[in-house]
Amino acid sequence: MNVTPISDRIGVASAVKMCRSVIIKGIEALAVESLFAARRYGAEKEVLASLAATYPHMGWDGPLPDYVISRVAEHGRRRAAEMREAAETLWDIGLEPLTAVATAERQDWLVQEMAERKISVRPGEPFSWQQLADAIGKQFSTEEKPLARGSTSSTDFSL
């Protein structure tokens, strides 16, 4: 185990973990939302090319999209719970955790959609975010009402 002291003050190491989680799990949630929508529009190649041009060293034109979305697919419930803990950490210092809460909701949403469709992801097996998006999107019914503009309830929408 590689242990590195962070601070003499209690809570700083936990704050590092929580603040890092806001970004890491936020990127995952953003990838799910953006790329599933882009796929539905037939625009994922252009979106990924734009992301790769904007952030050329991140890997948007390589394995990164599969990796970040697979993390949600495999561990979304636990990661959503961690984001709720991060939100509590932010509330504790007086910062409204808008992104942390939304991240938890999007991570829970994907796991719920997968459960409803009996889709599972096994660690170590090949993963395709496109196949997952298609499997969820394929069952989208035009009879379902999309999220109303201005609504904040993710339970009103099924991707």
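## Contacts and overall fold

Of the chain's contacts (heavy atoms within 4.5 Å) between residues at least 6 apart in sequence, 66% join residues at least 24 apart. The model is predicted: local features need pLDDT of at least 70, side-chain atom pairs count only at pLDDT 80 or more, and totals for chains, interfaces and linings use all residues. Residues are numbered from 1 along each chain as its sequence is written, and side-chain values use heavy atoms, with hydrogens and water left out.

The chain holds 5 helices and 0 strands. Helices (H or I, at least four residues) and strands (E, at least two) are DSSP runs, numbered from the N terminus. The pattern along the sequence is α-α-α-α-α. Of the 159 residues, 34% are buried. Buried means under 20% relative accessible area, exposed over 50%, and partly exposed in between, with a 1.4 Å probe and protein chains only.

## Helix H1

Helix H1 covers residues 12-41. Its 30 residues should span 44 Å at 1.5 Å a residue, and the end C-alpha atoms lie 43 Å apart, which agrees. The expected span is 1.5 Å times one less than the number of residues.

H1 bends by about 25° at Ser21. That bend is the angle between axes fitted to the seven residues ending there and the seven starting there. Just after H1, Gly42 has a positive phi of about 75°.

Buried residues of H1 include Ser21, Lys25, Gly26 and Ala29. The buried residues of H1 pack against helices H2 (44-54), H3 (64-92), H4 (98-116) and H5 (129-138).

## Lys25 and Thr103

Lys25 sits in H1. Lys25 counts as buried because its relative accessibility is 4%. Beyond residues up to four places away in sequence, Lys25 touches Arg79, Glu82, Met83, Thr103 and Gln107.

Thr103 belongs to helix H4. Thr103 is buried too, at 3% relative accessible area. Leaving aside neighbours within four places in sequence, Thr103 contacts Lys25, Gly26, Ala29 and Met83. Thr103 and Ile27 are 76 residues apart in sequence, yet 8.6 Å apart in space, C-alpha to C-alpha.

## Second largest pocket

The second largest pocket holds about 210 Å³ of space. A pocket is an open set of points on a 1 Å grid over the protein atoms alone, where a 1.4 Å probe fits, with protein on both sides within 12 Å along at least five of seven lines; lining residues have an atom within 4 Å of a point. The volume is the space filled by probe spheres set on the points.

Among the lining residues are Ile119, Arg122, Glu125, Phe127 and Gln131. The lining divides into 6 nonpolar, 3 polar and 2 charged residues. Ala, Val, Leu, Ile, Met, Phe, Trp, Tyr, Cys and Pro count as nonpolar, Asp, Glu, Lys and Arg as charged, and the others, Gly among them, as polar.
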